[in-house]
Structures are given as C-alpha cells and as structure tokens.
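Here is a quick tour to read alongside the coordinates. Have your viewer open, and we will go from a pair of helices to domains, chains and a sheet.

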Amino acid sequence: MTPEAAAPLVELEHLVKYFPIKAGLLVDRTVDHVHAVDDVTLTLARGETLGLVGESGCGKSTLCRTILRLEEPTEGSITFDGRDITHLGRSKMRPLRRAIQMIFQDPYASLNPRKRVGQIIGDPMRLHGVAGGAERRRAIQSLLERVGLSPEHYNRFPHEFSGGQRQRIGIARALALKPQLIVADEPVSALDVSIQAQIINLLKDLQSEMDLTYMFVAHDLGVVRHVSDRIAVMYLGKVVEVSPAEELYTSPHHPYTVALLSAIPIPDPKENAAREPLVLEGDVPSPIDPPPACRFHTRCPRATDICRRVEPPLVDYGNGHLAACHHPVNVEAQDIARAKIAPETPLSAGTEMPTLDRGLPDLEETIPAPRDEPAR
Amino acid sequence: MSAPLLSVSDLHVSFATEEGTVKAVDGVSFELDAGEILAIVGESGSGKSVTALTLMGLSRGPNAAIEGAVRLGDKDLVTASDDEMRRIRGERIAMVFQDPMTAMNPVYKVGDQIVEEIRAHEDTSKEDARRRAVEALRSVGIPNPERRYDNYPHEFSGGMRQRAMIALALALEPDVLIADEPTTALDVTIQAQILRLLEQLNQERGLAVILITHDLGVVAEVSDRSLVMYAGRVVEEGTLDDIFYDPQHPYTWGLLGSLTRLDRPRPRHLPSIPGAPPSLIAPPEGCHFRPRCPHEFAKCVKVPPLESRLAEHPDHCDRCWLEPEVKRERRVVEGRIGLVAGAE
C-alpha cells in the first residue's frame, strides 16, 4: 500500500459546532449557545464504514452536515483526502462535492416531487458537467438497474414509488458522481423492517463494488451493527465510545453504550423475560446548558463524585477501542494498566485514568451478549 | 368462560379515492380480554392503524364504508351514533397516538386539556377536575405534576409528552387503551421507559391494551398475545410463544427472519422479504402475500386462505394453505426461522 492510500480519507480534529441563540428586539445579542458538536476527533479510513450512533440532540446530524460543509465549523479542522477543507470557500468546495455525497433519512422529503427520476439522478451529473446527452441517459439507466430499479423508471415521478424504492432513487443520485465518501443520515429509519434489510444489503454490495467509504448514522445500535466496521457513540455533542463494531456489542465500556444496548427489546419472549434491562431515568439534558464534567453523570447509574468534577478523557484500551468514562465496565485492572489517554481526547478533559470500583452497580447482565443460536 | 371485553368480527373498512376503492381493512376479527395486552403487528399499509381508528369511531367519513361489528360490552361501535361515540371515547375506550409532538393542542396548557376532557364527560367542579388532572399526571410518572400542570406541550420533552398523552387517555379510567406506535417517535432509552409504564398500568389497574407496532421486539417485551396483519388481513394470531417459536404463516417467518438481533452473531447478509407490499386498490387475488411468497402454489391464487387452526392449539390460527408439516419443514432457513436465505 502506498502511504497515500494508507492515509485516512477523512480526519476531524477537535471539531466544534455551536449554534448561537439570539435575543433582543433591535440588536441581536447572542445570549447562549447550543453545544451541538463539542470537540470531536474522528477518522474514517478508506473503504471502511463508520457507524455513528446517538439519540436525538446528540449532534450526530450536525456532525455530518459539518463534514459536508453545510455548516460552518466553529472550531477545529476537517481534512478530506489529505487536504484541509475547514475553511474552503464555495467555489473551491464545489469540485469536492463530487467526492462527498449524502443519503437522507426521509425518502418522501428528499426527492423533488415535480422532477422525473431521470432528472433527479441526472442533475448532479449535469451540474458537474460529467456526461451529456445519450451518454448521461445510459449512465442513469445503468445506475437505476444497479440499485434494483428498472431502466423504464427513467420517466416516472417519485410519487409512483414506494418508500423503499424512493430510497433506492436517493442512493442512485448519491452514486451518480462516483463519490469516495457517502454520508448516510439514518437511511433506513423511515422504512419498514422487511425493506430495511434490502437497502442495507444493497449499500453493502455497492461498497465492495465501488470502493466507497461510508459514514452511517443511526439512532440505535440495531442496524448499524450489520454495516459498520467501527462504531462511534455520541452523547450530548461528545464521543463517549469508539470501537470495532463487534467488540462494542460483546464488551461495551461506557455505561451509556450499555444503556443503548439494553434498551433495544430482544424479539424473543423467553430471552426478554430472562433479563432485567437497564432503563435510564429522565431525559437527555439540554445541549444549551449541558451538565459539567462527564455529560452523562446525571443519568448514569455508576456516577461518583469525580464524574461531576472532571471530564473523563478518551482512554485507549487497545485495538482501537476508546471510551470516555471514569468507571468503565467490562474492564479489568490489567486493561487499565495497559491503557493510555488517546490523542483523540477533548482538550477540556482531565488526565485522570479510570479506576476500577467494585462497589458500583454491575451492568454487564443487562445486555444481550451475542451468542450462537440455541438448538430448537 | 366469560365474554371478552371487546370483540371485533369480520370488520371491513374501505375508502373511496380518485384512483379507486382502497380496501384498508379486509375482514378482521379478534377478541380482547380484560387485563390483557394484545399486540397488532404489521408494516405500513397493513391496516393496523385503520383498525384502531375504527374502534375509536374515528375512521368515519363521507368516503368511508365500514362493515362488520365491534362489540364493547352492550354497544356496537360500528353502528353507535356520533353522540354515543363521543361518550364512549375516553370513558370506555381511549387512544394514544404515535407522535406526541402533534397530538396535543399547542396553545392550551397540558393540565387544562385534561380538565377539559373530564368536564366534557362529567358534571364536576373545576377544582375537582384539576385535582384529578394532577393525579392523572402523577400516575404516569411525571415529576412535579402540580407545576407541570401549567406547562404548555412544547415545554415537555418527547417522552414527557407521551406520558402526558397517556394521562389524558386514562383520566376517565377507560377499560381499553389503544396505543398506536406509542414509542416509534421516541429515542430508545425513552422507549424503554414508556413500555415499562404501559406494563405497569396494565398490571396495577388491569387495563386492557391494544398495542399497535411494527417492531417485534416491542411485541416480545410487553404483550401477551399478538395479531400479525398484512395488506388489510390478519394472517396469524396466537400467543407470544406461538408467534415466535411456532410461526405458521410465511409472512411471519419473513418478519422474524429479517430482524436484526443483538443477541446473535451478525450474519454476512441480512435476510429480507423480497418485493414490496401490494396496492390495496387492486390487491392480488387469493392470498395477499402470494406475490412475495416463495412457497406459493396453485391453491393460493384461487381462494384467499381460510383460517386454519392447529388441532393441538385452537387459539393459534393463521391464513395459509400450506400443510402444517410442510410449514414446519420450510420455515427453517439456514438453521433459523426465515422466509429466504441471507443472500438476496
């Protein structure tokens, strides 16, 4: 592998996005900020899928929009393909938009109802001067076929399609410019279960065929598992855990990750009855005035005094598994001894290493650990 | 055996539209016993929400045609007059909707909306109604109900708003609560809280709940019995054990097979159900699931399957023409229940 190919495709360094809250009758004063994304450092390797998971208001969508430069970052830097794009102007950004495409959550709102399918998919090509005339038409029809629609659909309108088919049109549009990176913001959340699997399988096939890198956003840990190589969990603007996908399910370190895993009902009555899920109390606090230090301490069953005083650093437990927690779970003394503070840690975090505390509630029993199918 | 609390028999609901008549509910029958949680599972367009709205008398309109019977005690909710329905709604049967953001009136205080409901049904003083509204808010786990009474819906979070919706539905202590996708719009950790609340209300008050959902995980977690609906028809009905461990209908196999399970190793390829649900204006003849079913045979085209019950399990019924022995054999795909193998 050449050094260039080994370098990550996207690097986010200490990325911050605050939205001002304005007040005042004559003069707009900024009275406060929504801390949407608060010091996030992440990388995306070429060809990998990074799952980004968190509940509403955790900043995952803002993070995506900032990577696409649809939002201006407040601080930090974004590097794409070795080039700093943090402050590129509109015209300099334009050629890069070919390389970064997005798939949206709502297939009903993301397609122009007055345009025909051929136009919807062809417009990116036209705007970027990629292909014209009969050549463009052929390219569009082969894209339609590739995403599981038929070339005859070229002249149809979006309302003639079901939700799953519309999402396929959205995918074809994202592929039209042969991008390197696709940011998929909850691409299957609005679809029926039986259709979700179809779209996920399509995205996976396309990835291996076209060398795509995905950023796949979801609000729970269910579907991301099936597409992701690595998963990052966000809570109130911060990354609380990053891990290789399977390891996150077998050995989550952050109590919030445990809560997310535990909250998903198991579609099996007996196994559901056999477990006592961890149900978090209360709501996600407001991102306008997030709790100090560890942002999860107000809902965490394992929170102690230090969690209210010091922001936990992102600690690297090896194998690319990072977690920001003073009292991690599924961790032994020797793991902590080997661990070190990761360079991805937020600038405001403390330097205290996590401690093992036997007296805290044990959360390991609350999650369904992946295991083989029992004999029927 | 005592009579069921609610019984629906051969319910048909269709709507006249410009494109043709949409047969949203096509011969649905079921019974609900006191104190039980019955789940109705299905995808969009399966008719589960229209069934619920019809039970509430909310699907009536100039272009709607409703046939069949819905008996709640001595009343038939299909033939009851609008005035009678107005009394029955809230007092006997109540509903919680999917989207707590739009289900409440944004310009009235949350507490006042509950008071309005109580006073519309009962001749009681404002003070008494207010006291009961505060109690209703407290009983669904809203902290500081006296203070929250004076909040407007936008001052509540999504989870709190859904709790307030439940308080509103239960203020007059109905016998039946219909919850239409009550957790779909909520975050997973909040969903867990709301499901726990429904379970608690069911156990403490003996409230009968019809839970409408597309999520088999939610079904497994809270319900006692379940109906699986597809394209306007009930394709399978049974206890949780029946549906999850001995499913008879290929659509149920497909649903179970396409679930993403966190407690299993991840498959290389997710099994899915090929194709898409049919149009309800011109549904396929015979079995509605036929065009997507790899097991269809000549009989499926001719006649819509009749209810078949297993001899050993009279409460477990399904609508599929395959023989039970054949089903047992065909539903196992790659060692687990499914409709098709993992590869598309």
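In chain B, the residues B:Ala136, B:Leu137 and B:Ser139 of H4(B) meet B:Ala164, B:Ala167 and B:Leu170 of H6(B). Sorted by class, this contact of H4(B) with H6(B) has 5 nonpolar residues, 1 polar residue and no charged ones. Please keep in mind that this is a predicted model.

**Helix packing in chain B**

- Two numbers describe a pair of packed helices: the angle between their axes and the distance between the axes.
- For helix H4 (residues 126-139) and helix H6 (residues 158-170) of chain B, the angle is about 130 degrees and the axes are 8 Å apart.
- H4(B) is therefore oblique to H6(B).
- The handedness of the crossing between H4(B) and H6(B) is right-handed.

**Two domains in chain B**

- Chain B splits into domain 1, covering 6-228, and domain 2, covering 250-337.
- Between the C-alpha centres of domain 1 and domain 2 of chain B there are 30 Å.
- Where they touch, 10 residues of domain 1 of chain B are in contact with 9 residues of domain 2 of chain B.
- On the domain 1 side of that contact in chain B, strand E2 (residues 20-32) of chain B gives the largest share, with 5 residues.

**Where chain B touches chain A**

- The contact between the chains involves 40 residues of chain B and 42 residues of chain A.
- Four helices of chain B each supply at least two residues to its side: H7 (188-205), H8 (216-222), H9 (240-245) and H10 (250-257).
- Which helix provides the largest share of the chain B side? H7(B) does, with 6 residues.
- By class, the side of chain B that touches chain A has 15 nonpolar, 14 polar and 11 charged residues.

**A sheet in chain A**

- Chain A has an open sheet of 4 strands in the order E2-E1-E4-E5, with antiparallel pairing.
- Strands E2 (29-44) and E5 (83-84) of chain A are at the edges with a single partner strand each, so one side of each has no neighbour in the sheet.
- Strand E4 (residues 75-80) of chain A pairs with E5(A) in the antiparallel sense over 2 bridges, and A:Arg83 in E5(A) is the bridge partner of A:Phe80.
- Helix H2 (residues 60-67) of chain A lies across E1 (10-23), E2 and E4 of chain A, and runs at about 75 degrees to E2(A).

Terms used
Residues numbered from 1 in each chain as written. Chains lettered and ligands numbered in written order. Predicted model: local features only at pLDDT ≥ 70, side-chain atom pairs only at ≥ 80, totals over all residues. Axes fitted to C-alpha atoms, helices over the stretch in contact; angles between N-to-C directions. Parallel < 35°, antiparallel > 145°, perpendicular 65-115°, else oblique. Left-handed = near helix turned anticlockwise from the far one by under 90°. Contact = placed C-beta atoms within 7 Å. Nonpolar A, V, L, I, M, F, W, Y, C, P; charged D, E, K, R; others polar. Domains from an automatic or database assignment. Pairing = 2+ DSSP bridges.
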